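Trainee: Please take one part of this model and go through it closely with me, side chain by side chain. I'd like the cut-offs spelled out as we go.

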Amino acid sequence: MTSQEYREQAERLLRNAIYGGHPSPTAIEEAAVWARLAQAAATTETAQTTSEEK
């Protein structure tokens, strides 16, 4: 998955948790995990792009 796809999943989960009425700590943590995955993927993508440019 790309960082964009991870980010979209995190946003979807967080939106569902918030608009579902009563967000549970588990739902918020799941969205946070996806957000961390998005951040890690973005870092990897940036590193790959940077190394390809050299």
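Mentor: Let's settle exposure before anything else: a residue is buried under 20% relative accessible area, exposed over 50%, and partly exposed in between, using a 1.4 Å probe and protein chains only. Bear in mind that this is a predicted model, where local features need pLDDT of at least 70 and side-chain atom pairs need 80 or more, while totals for chains, interfaces and linings use all residues. Numbering starts from 1 along each chain as its sequence is written, and side-chain values use heavy atoms, with hydrogens and water left out.

Now, helix α1, which covers residues 3-19 (helices are DSSP runs of H or I, at least four residues, numbered from the N terminus). Start with Ser 3, which sits in this helix. Ser 3 counts as buried because its relative accessible area is 15%. Look at what surrounds it: setting aside neighbours within four places in sequence, Ser 3 touches Ala 38, Ala 41, Ala 42 and Glu 45 (contact means heavy atoms within 4.5 Å). With Glu 45 there's also a polar contact, side chain to side chain, at 2.7 Å (N or O atoms within 3.5 Å, one able to donate a hydrogen and the other to accept it).

Next, go along helix α1 to Arg 7 and Glu 11, which are 4 residues apart, about one turn. Their side chains form a salt bridge at 2.4 Å, N to O (a Lys or Arg side-chain nitrogen within 4 Å of an Asp or Glu carboxyl oxygen). Both ends are partly exposed: Arg 7 has a relative accessible area of 36%, and Glu 11 comes in at 33%. By this rule there are 2 salt bridges in the count. Arg 36 and Glu 29 make a salt bridge at 2.9 Å, N to O. Arg 36 is partly exposed because its relative accessibility is 46%, and Glu 29 gets that label at 42%.

Back in helix α1, have a look at Ile 18. Ile 18 is partly exposed at 45%, and together with Leu 14, Tyr 19 and Ile 28 it forms a nonpolar surface patch of about 410 Å² accessible area (nonpolar side chains joined within 5 Å, from residues over 30% relative accessible area with no salt bridge; areas by Shrake-Rupley, 1.4 Å probe). Helix α1 gives the most to that patch, with 3 residues.

Conventions:
Patch = residues over 30% accessible without salt bridge, like charges linked within 9 Å, V, L, I, M, F, W, Y side chains within 5 Å. Helix = DSSP H or I, 4+ residues; strand = E, 2+ residues; numbered from the N terminus.
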